[in-house]
Amino acid sequence: MNQPVNVTVTGAAGQIGYALLFRIASGQLLGPDTPVRLRLLEIPQGVKAAEGTAMELHDCAFPLLSGIDIFDDANAAFDGANVGLLVGARPRTAGMERGDLLEANGGIFGPQGKAINDNAASDIRVLVVGNPANTNALIAQRHAPDVPAERFTAMTRLDHNRALSQLAQKTGTPVSQIENLTIWGNHSATQYPDVFHATIGGRPATELVDEAWLDGEFIPTVAKRGAAIIDARGASSAASAANAAIDHVHDWVNGTGSSWTSAAIPSDGSYGVPEGIISSFPVRSVDGRWEIVQGLEVNDFSRQRIDASVAELVGERDAVQELGLI
Ligand code: NAI
C-alpha cells in the first residue's frame, strides 16, 4: 500500500463537493492502492455542512480514507496538498457584469494560488472546476510562481464526456468505441467540440455525421448542456461534473489509454493558441504530465471555431490583467 495522498477540495460543502468526495474516498480518483487524506476548504458559513459530509464519509468506512480535516483557511487547507481540486467559486448573480465576476473570483483564486505556492507539496497538481474555470486557473497559477506552470489545469472533461455521449447516441455506438474527440478553447458557450479526427468503431466520424448536424445540433447541444440540465433538474450538473473531475485527475496521474482526451492546460503556442493562456486541447497524459497531441490538421470549419473560443480566453486574460488580478 502506498503512502496516503493529500487531496484538498475547495467548496467541499457544495453540490459538486457532495458528489465528488465519496468517489475520491472510495479510491476512484487515484486508484485502489492509494489511500487518501481529505482536506476540505470552505468559507466559514460552509464549515458546518462540510462537517456533516465528513460524518457521512466516516460512516462509509472506506478502507482507503485515512483522514478528513476541515478548514476555513486556505494556507492550512493546502498544507502538504498533493492534489488540489478547486471547486468553490463565486457564481454569477443577476446584474453581475463580466468584470465583477472576474474580480470576485480573483479574490478567491489569487489567494488560493498563493496558498498553494507557499504550502503545497512539491508534486502538487491543480484542477480548477469553479467557473470561469480557465481564467480562474490562470489567476491561481500566476500567484504560484514557485510551482511549475503546467501543474495548473482547468476542467473541460465534462464537455468532452458530453460530446462523447452525444456522438454515441447519434450514431448508435457505445461510447467505448469512440476515440480522439477534442474540446478546444474555453469552458463556456464558445467551446468547440471537434470530431474531425474522431473515430467511431474504427471509422472516421465524418463518414457517419455531416457538417449540418455538427453545426446545427451537436455543437450547440454540447455547449448548452449545462443550461439544459438546470432547466430539467432545477439544479446544475453536479454528479457529472464530479465524475469529470475524477476522470481528469485519474488520467493525469495514471495516464491516458490509446485515445486522447481533453483538458485545459497552459498553452505552449501549439495550434496558434497564444502561449500562457489556459485553453482546452487534445491531450495525452504521459509519465504524469499532460502533452498536447501534435500535428493534427485543422480545417477551416475548426479553425474559425477554435479562434473564436481562444479570442474569448484572450479577452478574459486581458480583463484580469487590467483589473490587476494577474
Ligand atoms: P455550489 O454553490 O453548490 O457550491 C460551491 C461551494 O463553494 C459552496 O459550498 C461555497 O460555500 C463554497 N465556496 C465559495 N467560495 C469559497 C472559497 N473562497 N473557498 C472555499 N469554498 C468556497 O456550486 P457547485 O454546483 O458545487 O459548483 C461549483 C463550481 O463549479 C461553480 O463555479 C460551477 O459553475 C462550476 N462548474 C464547473 C463545471 C466545469 O465543467 N468546469 C461544471 C459544473 C459546475
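Modeller: Both domains have a hand in the shell around the ligand: domain 1 (5-154) and domain 2 (157-316) each supply at least three residues. Keep in mind that this is a predicted model. In all, 27 residues surround the ligand, and the closest are G11, G14, I16, G88 and A89. If you sort that shell by class, you get 14 nonpolar residues, twelve polar ones and one charged. Among the elements, helix α1 (residues 15-25) gives the most to the shell, namely three residues.

Now for a spot that a record flags. UniProt, in an unreviewed entry, lists H187 under "active site". You'll find H187 in the loop between β8 (182-184) and β9 (192-194). H187 counts as buried because 29 other C-beta atoms lie within 10 Å, where 20 or more is enough for that label. Leaving aside residues up to four places away in sequence, H187 touches A133, N134, A154, M155, T156, D159 and A264.

Three strands make an open sheet in the order β7-β10-β11, with antiparallel pairing. β7 (178-179) and β11 (203-204) are at the edges with a single partner strand each, so one side of each has no neighbour in the sheet. β7 pairs with β10 (residues 199-200) over two bridges, in the antiparallel sense. To see how they line up, look for E179, which stands opposite T199 in β10.

How values were computed: Residues numbered from 1 in each chain as written. Predicted model: local features only at pLDDT ≥ 70, side-chain atom pairs only at ≥ 80, totals over all residues. Near = placed C-beta within 6 Å. Helix = DSSP H or I, 4+ residues; strand = E, 2+ residues; numbered from the N terminus. Nonpolar A, V, L, I, M, F, W, Y, C, P; charged D, E, K, R; others polar. Domains from an automatic or database assignment. UniProt positions renumbered as here; feature names shortened; annotations may be inferred. Buried ≥ 20, exposed ≤ 12 C-beta atoms within 10 Å, placed from the backbone. Contact = placed C-beta atoms within 7 Å. Pairing = 2+ DSSP bridges.
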